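Visitor: I would like to learn how to read a model of this kind, feature by feature. Could you take me through it slowly?

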Amino acid sequence: MNVMEDIQIDQAQLQLDRFVSKEVYVHLETTNGAYASHFDDKAYNVGAFIRNAKVSYTHAKIVGSGNAYRVGLKLDIGWIYAEGLSQYELNEEGQLLMAGHDREGRLMVALQISETPFKY
Amino acid sequence: MEKHVVVIYPHPDDESFGASGTITKFRQEGVPVTYLCGTLGEMGRNMGNPTFANRETLPEFRKNELIDACNVLDVELQMLGYRDKTLEFESKNEVAEHLLGILDELKPSLVITHYPEHAVHPDHNALGAAAIEAVGRIDENSRPTVWAQAITRTHQVDLGKPDVEIDIAPYFKKKMEAILAHQSQAQGVLGSMSDTSDDMEEIAKERLGNEFFYTWKY
């Protein structure tokens, strides 16, 4: 079973560079869960999700230190970025999965890049 | 006695947390139960603790957990194939027609679903509304009863006391077993229900000791 590992910044940069100028599918999400304001009435439910956005980026960079990183993808006419990424995995399909989890292991943010569409 | 009970919820684990005591009661009476599960919980945040799933592997884990839980509860399972967190954006009419097609075949005497606008998660509210719409399209003479489950903090204030209360104490062991079949979710979900305890069985007994429903009035 594959388990996500703590991000090694140099390795992550190499993986990001691998997709430069290729047509790729991007999954980007962030969420604090549908129950955030149910369990805490001072909390807000916020989230955003895009799956299989077909893009091509000219340049990618991972920045950060310790246990939280930011990744930005520069597009011809725009940008994609995610903040709070701490773990990554290159899965069997060659997809680069990056995510940030809270201390209970719940996913807070994910940025994933693939040369083939993500399933489901 | 009920003839056939159909449970309609959107996520793998809704059946175990929400209605597995009631389901067990019906199964022990010999009543067939079918679970129509809307999605595979693809967007769940709990990835196991310690984490063992990721966004791409979670649906497969949850599908297997769902099958395990349905085996524990001895219920038939149909997966409806929607995507987690998107049910409220689907056409309510199309979802209702989809459900109606299945209900026409199963001919249940009782349908259990979420109470629209009182079920916290947007998928709960949307699938509950579509299920209630579907049942409403069945001819009055053969229309099953609907038990709607409300889980908002204020549902008793808003809706009054639920008219159906199932004491699940005799079925709690089965309920716990069904919840624990959802390995990627059980600990995270129960943990979020309590700040003071990390004993999963204790939290479940306190928070999930009874199952309440409102009989829907058409």
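Visitor: How many residues does the contact take from chain B and from chain A?

Guide: The size of an interface is often given as the accessible area lost when the parts come together. Here the count is of residues instead: the contact takes 24 residues from chain A and 20 from chain B, two residues being in contact if their C-beta atoms, placed from the backbone, lie within 7 Å. On the chain B side, helix 7 (residues 186-192) gives the most, with three residues; helices (H or I, at least four residues) and strands (E, at least two) are DSSP runs, numbered from the N terminus. That side divides into six nonpolar, nine polar and five charged residues, where Ala, Val, Leu, Ile, Met, Phe, Trp, Tyr, Cys and Pro count as nonpolar, Asp, Glu, Lys and Arg as charged, and the others, Gly among them, as polar.

Visitor: What should I keep in mind about the model and its numbering?

Guide: This is a predicted model, in which local features need pLDDT of at least 70 and side-chain atom pairs count only at pLDDT 80 or more, while totals for chains, interfaces and linings use all residues. Residues are numbered from 1 along each chain as its sequence is written, and chains are lettered from A and ligands numbered from 1 in the order in which they are written.

Visitor: In what order do the strands of the open sheet in chain B lie?

Guide: Strands of a sheet pair through backbone hydrogen bonds, either parallel or antiparallel. The open sheet of chain B has seven strands in the order 3-2-1-4-5-7-6, with mixed pairing, two strands being paired if DSSP finds at least two bridges between them. Strand 3 (76-79) and strand 6 (164-167) of chain B are the edge strands, each pairing on one side only. Strand 2 (residues 33-37) of chain B runs parallel to strand 3 of chain B and is joined to it by four bridges; Thr34(B) has Glu76(B) as its bridge partner in strand 3 of chain B.

Visitor: Which residues have the most contacts inside the largest nonpolar core?

Guide: In soluble globular proteins, nonpolar side chains tend to be buried together. The largest nonpolar core here has 52 residues, and those with the most contacts inside it include Val7(B), Leu99(B) and Ala130(B). Such a core is a set of buried Ala, Val, Leu, Ile, Met, Phe, Trp, Tyr and Cys residues joined through C-beta atoms within 7 Å, buried meaning that 20 or more other C-beta atoms lie within 10 Å of a residue's own. Helix 4 (residues 122-136) of chain B gives the most to this core, with eight residues.

Visitor: How many helices and strands are there in chain A?

Guide: Chain A has two helices and nine strands, and buried residues make up 29% of its 120 residues.

How values were computed:
A residue is buried if 20 or more other C-beta atoms lie within 10 Å of its own, exposed if 12 or fewer, and partly exposed in between; C-beta atoms are placed from the backbone.
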